[in-house]
Every structure is written in structure tokens, then in C-alpha cells.
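Thanks for coming, everyone. Please have the sequence and the 3D view open while I talk. I'll take it piece by piece.

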Amino acid sequence: MKRYLTLLVAVFSTILSVSQVLPEIELGVKGVVSANIGVNNNGVSSAVSDFSDSQILLGFRQKLYNKWRGQMVFGMQFPDADSDLGQVFYNHVFIQVEDQKNIIKIGRSTTRTILNEFPTLRDDDAMNFNYSLNPFSKGSNTQDNQYGNVIEYTHIFAQRYWLSFHGENFSDLSKPENFELNSFGFSLLYVVPESQLWNREILQRLGFSYNSYATNEAGYEGFDRYLKNILGTITLNVLPDPVHLIDFKVQGVYNIGFARLDSIKSYSDYVRTPSMATFATLRYLYRKLERPLLQVSVGFGLKSFELLPKSKQGIFISNVFYRVGENFDIGFQYRYLQNNGEVADLFSSSAHRFQFAFVYSINQIFNKHFDDRNSILNLEHNYIN
Amino acid sequence: MERKEFLRYSAMGIAGLTMFPANLFSKESIQSNGRLFPESLAYTIAGEWKEFEISVGIAIQELAPAMEIHTLAFNGKVPGPEIRVKSGDKVRVIFKNETELNHTIHWHGIYVPWRMDGVPYVTQMPVMPGKEFIYEFIAEPYGTHFYHCHWGTLLHMQSGMFGSVVIEDDDDPIKKQFPYDREYTLIYSAHDVNFIREELNGMIERMKERSYLMKKGRFDPERFNLFNTKEELLAAIEKGYQPPYLVNRRSSAELPVPNWFTVNGKSYPSTPNLYIKSGENIRVRLINAGTENHHLHLHGHDFWMVCDDGVPLPQPWKRNTVSLSPGKTYDIIIEGNNRGIWTFHDHDTRRVTNNGLYPGGNLLALIYEDLPVEERMVSSTGRMKMGNGQSMNLLPKVALDE
């Protein structure tokens, strides 16, 4: 056995001594730092500096020996202070292989719990309205709904249609206890490549997805084992223009839920009872010198519960971002939440939040030596492997 | 050598050989090699004008086997077709832009009227997407010249927008001195393929927006980075406008570093070869349409340098290495006086590489068609063994790594 190990080491040493093609190295950094003022039933609270959702992504990508490409991504995020996830949360650790029309991904990454990208300061600002919620979560953090251990296959056809089949291990990320596949689903999305968004008369994005979670939490015996939900989304170009762009995004999350679960006593009930959530934003984007300068958006959301007619949730969220330098924005966001009925007992009945923020985000690829599937050249002038 | 390793190398060898004609001396090989030189563009006669049609579009070019890039190609080819006319001809070139980018054509070395010189915003407005421009000039002076795009020149030239112009004279002084039947045009270029890809993508994206805005009558000097006068620019800066070379960069901050070197749009082992026979003179027109210096060296021969920028030299020089700097053309005469297979390459061997790997780039061969078979065979020890077929191999091989 010892000899065998020595041989293995020798083999790897030989490999390492050969010159290698330097991979593309992608560095993604998003720093979101805000000063928050919150007003709810319990009074006024404030946070001097909230840097949650800030993250660093480091990716390595290279061509494989055939027409495929391989990628490894590491990412770390700074979660909410009270998230039970510690100071740093590793939100991405995955490997992806892809060719022009296929993508296979495995590892810790974002889950298919949202179908659109909404213009909010942080991704989780309207989470109860625009995400399919993780039934294994205790609700102590938002990462439970955004990240999981995933295995995904995506096929892209006609450049714009993305069909994905995915399985996940969802968990309470603060105390993961099992790593089995406990969710599966599929989605179909029509997506206009980013470089052509302003150039589309009406439709930017359209899609739906189906998720099924295999839950077996104690206390829910007698209910279905599978918690299912359906998501649908659409993005419309209200004013397609390279300088003044206005778009409208809406997404619905229909949680088929557990029939007969007609009370919300806990976060677990909240996630499992049948509900319908809709969230929509209207955004104006001003791109002065071929890059964003000013963005203003307003968003509304409603959530109702099929078996609890008096319980409702509402959200109003509005923000403005102004670019003061390359990659550097200042912003202000106001959010109002209203909860009625049993959800008011779970959350507060209403809450205002004011946020003043700085956002610094970069995305740089070093040693870039091959093109993306969605580049203009590859899209419009034949794809080069 | 391990069996596995042997099989691997054997497979590589076979793969290499299949990329090239098995016999460089066959008629098929010589014909197929001929296609690696610019083809003369056909013209029509319109009154007293010779009328040529040139368009530019985006094409995929194979630089070397399995290495493809997107290019800007005149009439679908890199380099573009050769315009070959007689001295004094009236030349009309109808240039059609079939891309979403702006372009012009500059006639390098030709005495065109200044409004035909193809410099955007100086001699003409750019030829915009889908538009046409007609260049008219009298073909002067005699010699080897070239044409290239003068819009976004750094990108557009190395993306493939160049081609040769040969102005002939019935009373050709070179032909008189060195009688020849065959001639070749070799256009050198250097390409940072990563720069080309990123910049082309960015430029097309920008131009899609700009074309849209132009059609809507929404020209904005700051967005287009185009001002009528320097005073206008300074006034805009005073009001907060940031030039694109400062904080609003629109492209890479790095200057391109070429990693592919081509002759007639091809890198070794796809480069064209020069065929010659013993006792024959061939004329080779050398054009540097790229950004790098090329120190071209011919093995086993001296050659006559006969023209510099198309101008016949009063006294041809004999030499074996010529430094071809960007924008230069030289004509050389090679005398077939030492039969064999001889390499003709850049002696700055950094340019004899493909993506950093030697050999590659602008490496090609002077091949004597009348080289006897027995002289093409060599023993594994390197000793010539005339007439003995045992343990001998045909040369040359296709080597992709040394």
C-alpha cells in the first residue's frame, strides 16, 4: 500500500512538472455596505454598518480536451449577523462543465428558487415574496433559500431557451444534518442575452419552474410528503432603449403546499401552508456613456394564503442608485412590510426600513482566452468552440 | 519508449500528416498551395474605369488546424483579394460595408486624391453599417502596395482587413533585369487573438447602440466620443465629461500583445510555401500589414532585394535577411541555385510561434519542385544515404513542438 501511494505521488509530480495552460481566472467582488434605520411595532432600531450580502467569488475556467469547458468556483459571503451561519458563509463551491448547449453543475451554489433578477439593494430584500422558500429552513437566515448543494443539467436551445433539470440537498445551513437529495425540479426559461436586452421590443424573459421538496419533518405526519410549488415569471421592455430603458418584471410563486394546513404557528407552517406570492418591479435605467449612471425602481408584492383568508402580506420597496465612478454606486432604499392575520404574529405587523448604501462591484476575468456562449460574435456570427 | 507513448506519438504523426498533402511535390499539392495566395480580384470595365467590388463582413478564419477566430474579412477572405492593375489605369472600387461597424479603406502607398485616402474624419466620413463608398483613383505609382481599413485601425487591421495592390508596368524594370514567370505575394500580420475577440465584441455592442441612436437622430458627442473641434472637447471636459481613456474605459487597458503570426492569414503549419525550380527566378512581394517587425531570413540562399515600398532600387542588394517593418513592402528575387527544401522565416523567432509555442507563426518553405526523391530521404542518423530506402524517411515532417 505504501508503495502504491508513493507511485501516486510520483505520477502527480510528473504531471505538475509539465507546463500547463493558465486558466481564465475570474474575480467577482460585491461590497454592499449600508446604514439601516428600521421602524416596527417594537420601536426604532438601527444598524451602523450592515455589510451582509457582500461577497467574493473566485472562478477558474479552461477548455477541456474536447469541445467542453470546465470551471471551478469558490465563493464566500458575509451573512446577516444573526443568521447563525458564522462570520463567513461559503455560498459557492462548485464545478461546472459546459459546451455550447449543455451545462452540468455540481456542488454548493445558488438554487433554482427564483427565476428573475429584481432590482433590490440585496438579493433577499423581498425574499418572502420572490423566492420559493426552503421547507428545511428554520427561517433564521436567508441563505437557506438561496443556496444549496445542487446537481443540475441545463440544455440551451435556439440560444435563448434554457431547460434545466435539477436536484438539490436543501437544509438548514446553520445545522446541516443530512446531505441527501431532498428536492428536484425543472425550469424552462426564455432569456434574451444581456447585450441585447435594450434591443428587444417587448419580451426580455419568460419562464416557469416546478419544485418538489421531499420533507419529512416531525409534526407534519399525515400531510403529503412532497411540498410542491410552481413559479412563473415575465420581464417586459416597457421602453426598450440603450439610453433610457424601462422594464417591468413580475414573478409569481404558487406554493401548492400541504392541503389542510390551515394555521401558521411557526416558520415551518408558514412555508408549508398553501400560498400565492406575487412580486413585481418597474425599473428605469439611465445609461449615459454606454454604462449605467442612474437606476430608479419601485416594487410591490402580495402574498396570500389559501386556507387563511385573513392572513396576508404586502411589500413596497423602492430604491435609487447613482453611479459615482466605475463600478461604484451610492444608493438609497426604502422598504415597507405589512403583515396581517396569523403572519403578523410570526413577523411584526408592519415594518419600515430606510437604507443608505455604498455598493462596489467588479467582475474581471484575467487571462481571458476564449469567448462566452452569449457574446455577440458567438451568437450572431457562428459559435467557436 | 513505452508502448503507450509510442502509440500516442504515432497517432500524432498520422494526424499531422493527414493535415497536409502526403507529397509536397505532387501537382495537387502545388495547386492547393496556390490557393493560399491572394487571388486577383476580377473587375468589370465601366467606360474608362476598371471597376472592382469589395465588401467586408465577419467570417471565421482558421489560422492553423483547429484554431479558429472571428475576423473582419474583405470578400470573405483574409487577406482580402489582390487588386492587380496596370500603371495609369483608372480604378474604381465600390466598397460595401456588410458589418455593423464603421470602416474605410486606405490605399497604402498609392497616389490617390486626398479625399480617397480613407482616413475617417480627415478625408471622409466613415462608411457606416450597410453603406457604400466609391473610391476612385489612378493607379500610380508602379509596384507592390496594399490596402487596409483605417477605422479602429489597431483592431480592424489585425482582424483581417488588409489586402495587396499590385500596380504592374508593361515595361517592368525588375522583370527585365531578373526574368521570371512566377511571383508570389506574402502578407505578414500579427494578431492578439484575445484582444481581437474582446474588442470586436465590445465594438459591435457599442455600434448596435450607436446605429440605433443615429437612426433616431439622437447623436450625442459625449456618448459617441466625437467632437467637432478640440475646443468642444475641452469645453465638455470642463463640464464633467470623462474621456474614454480615463475612468470610463470602454476596453482593455492593455495594449495588444500578438500571440499569433500569419502569412496570408495562416500560421505554420498552414502557411503557404514558395515553389521554385533549379535555374528559375521567382519574385516575392513582401508586405507587412501587421504591427510587428519581421526579420525574414531565407536559408541556403542570398536573394536580391529589388523594390522598397514598391520603388525599384537603382542597385538591387544581395542579402539573406530583410527587416520588414510595419507598413513596409519589399520585393525580392530568389534565384533557384541551391536545390532543396529551405525554410523562410522570421529570425525574431518569437514570431515563429503559435500561442507561444515554437514552431509556428510565419514559418514557411522554399521548395524546389525538381528535388529528386532520393534527396528528400534521410536516414535517422542524419547521413545522406542515396538510393538506400532502408530506415529512411521523407522530409519535411509536420512538427508542432520541438
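Let's begin with chain A. Look at its contacts with a separation of 6 or more: 56% of them join residues 24 or more positions apart. Keep in mind that this is a predicted model.

What is chain A built from? It has six helices and 17 strands. Along the principal axes, its C-alpha atoms fill a box of roughly 65 × 60 × 45 Å. Now the radius of gyration. For 385 residues, a compact globule would come out near 21 Å, and chain A has 22 Å, so the two agree. As for burial, 34% of the 385 residues of chain A count as buried.

Let me zoom in on one residue, A:Ser183. You'll find A:Ser183 in strand β9 of chain A, which covers residues 183-191. Is A:Ser183 buried or exposed? It is buried, because 26 other C-beta atoms lie within 10 Å, and the cut-off for buried is 20 or more. Which residues does it touch, beyond its neighbours within four places in sequence? There are A:Gly167, A:Glu168 and A:Phe170, and then the run A:Asn211, A:Ser212, A:Tyr213 and A:Ala214. Compare A:Phe223, which sits 40 residues from A:Ser183 in sequence. Their C-alpha atoms are 17 Å apart in space.

Next, where the chains meet. Chain A brings 17 residues to the contact, and chain B brings 21 residues. On the side of chain A that touches chain B, we have five nonpolar, seven polar and five charged residues.

On to the cores. In soluble globular proteins, nonpolar side chains tend to be buried together. Here, the largest nonpolar core has 62 residues. Those with the most contacts inside it are B:Val165, B:Leu286, B:Ile332 and B:Ile334. Which strand of chain B gives the most to this core? Strand β20, residues 363-368, with five residues. There is also a second, separate core of 24 residues, and it includes A:Ala126, A:Phe129, A:Leu231 and A:Phe279.

Now the domains of chain B. Domain 1 is made of 30-192 + 259-371, and domain 2 is 194-238. Their centres, taken over C-alpha atoms, are 32 Å apart. How many residues touch across the two? 11 residues of domain 1 of chain B are in contact with 11 residues of domain 2 of chain B. On the domain 1 side, β3 (67-74) and α3 (153-158) of chain B each supply at least two residues. That side divides into four nonpolar, five polar and two charged residues.

Last stop: helix α7 of chain B, residues 230-238. This helix is hardly covered. Among its nine residues, the count of buried ones is zero. Take B:Glu231, which is found in this helix. B:Glu231 has 9 C-beta neighbours inside 10 Å, so it counts as exposed. The cut-off there is 12 or fewer. B:Glu231 and B:Asn281 are 50 residues apart along the chain, and 58 Å separate their C-alpha atoms. Just after α7(B) comes B:Gly240, with a positive phi of about 110 degrees.

That's my tour. Questions are welcome.

Notes: Residues numbered from 1 in each chain as written. Chains lettered and ligands numbered in written order. Predicted model: local features only at pLDDT ≥ 70, side-chain atom pairs only at ≥ 80, totals over all residues. Contact = placed C-beta atoms within 7 Å. Nonpolar A, V, L, I, M, F, W, Y, C, P; charged D, E, K, R; others polar. Core = buried A, V, L, I, M, F, W, Y, C linked by C-beta atoms within 7 Å. Helix = DSSP H or I, 4+ residues; strand = E, 2+ residues; numbered from the N terminus. Domains from an automatic or database assignment. Rg over C-alpha atoms; globule rule 2.2 N^0.38 Å.
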